[in-house]
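Good morning. Please look at the sequence and the model first.

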Amino acid sequence: MYVCLCNAVTDRAIREAAARGIDTMDALAAETGVGACCGACRPLALQILDEAQASSRGFHGAIAAA
Ligand code: FES
């Protein structure tokens, strides 16, 4: 789905950026353009980024515990 209508950034693009190590909203904006115009999408973009990071940590944590 489109998260940022101004710059046509999808939730998938945000998750892919998170997988590449993007871990802040400013870095995400620089990488994808999300939130760089009106800013209305920034809360949702940050939520998706946080969820992607939490998912990644859970995966790596499960490996570390094995
Ligand atoms: S909707 Fe993302 S900057 Fe406007």
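Predicted model: local features only at pLDDT ≥ 70, side-chain atom pairs only at ≥ 80, totals over all residues.

Two figures for the whole chain. Of its 66 residues, 26% count as buried. Among contacts with a separation of 6 or more, 49% are between residues 24 or more positions apart.

Let me start at the strands. Between β1, residues 2-4, and β2, residues 9-10, there is a loop, and A8 is located in it. Is A8 buried or exposed? A residue with 12 or fewer neighbours is exposed, and A8 has 12 C-beta neighbours inside 10 Å, so A8 counts as exposed. A8 also has a positive phi, near 55 degrees, although A8 is not a glycine.

Now the core. The largest nonpolar core contains 15 residues, and V3, I14, L28, V34 and A45 are those with the most contacts inside it. Which elements supply at least two residues each? They are β1, α1 (11-19), α2 (25-32) and α3 (42-65). The largest share, four residues, comes from α1.

Leaving out residues up to four places away in sequence, V3 touches V9, T10, D11, I14, V34, C41, L44, A45 and I48.

Next, α1. Its buried residues are A13, I14, A17 and A18. Why do I put them on the same side of α1? Because they cover an arc of only 140 degrees around the axis. On the face of α1 turned away from the buried side are the exposed residues R12 and A19. After α1 comes G21, with a positive phi near 105 degrees.

On to α2. Here L28, A29 and T32 are buried. Seen down the axis of α2, the buried residues fall within an arc of 100 degrees, so they line one face of the helix. α2 is followed by G33, and the phi of G33 is positive, near 90 degrees.

I will stay with T32 for a moment, a residue of helix α2. The cut-off for buried is 20 or more neighbours; T32 has 21 C-beta neighbours inside 10 Å, so T32 counts as buried. Which residues does T32 contact, once neighbours within four places in sequence are left aside? The answer is V9, A13, I14 and A17. From T32 to I14 there are 18 residues in sequence, and their C-alpha atoms are 7.5 Å apart in space.

That takes us to how α1 and α2 meet. In general, two packed helices are described by the angle between their axes and the distance between the axes. For α1 and α2, the axes come within 11 Å and cross at roughly 115 degrees. The crossing is right-handed. On the α1 side the contact is made by A13, I14 and A17, and on the α2 side by L28, E31 and T32. Sorted by class, this contact has four nonpolar, one polar and one charged residues.

R42 has 17 C-beta neighbours inside 10 Å, so R42 counts as partly exposed. Not counting residues up to four places away in sequence, R42 touches M25 and G35. R42 and V3 are 39 residues apart along the chain, and their C-alpha atoms are separated by 8.7 Å.

How values were computed
Residues numbered from 1 in each chain as written. Core = buried A, V, L, I, M, F, W, Y, C linked by C-beta atoms within 7 Å. Contact = placed C-beta atoms within 7 Å. Arc of directions from axis to C-beta. Axes fitted to C-alpha atoms, helices over the stretch in contact; angles between N-to-C directions. Left-handed = near helix turned anticlockwise from the far one by under 90°. Nonpolar A, V, L, I, M, F, W, Y, C, P; charged D, E, K, R; others polar.
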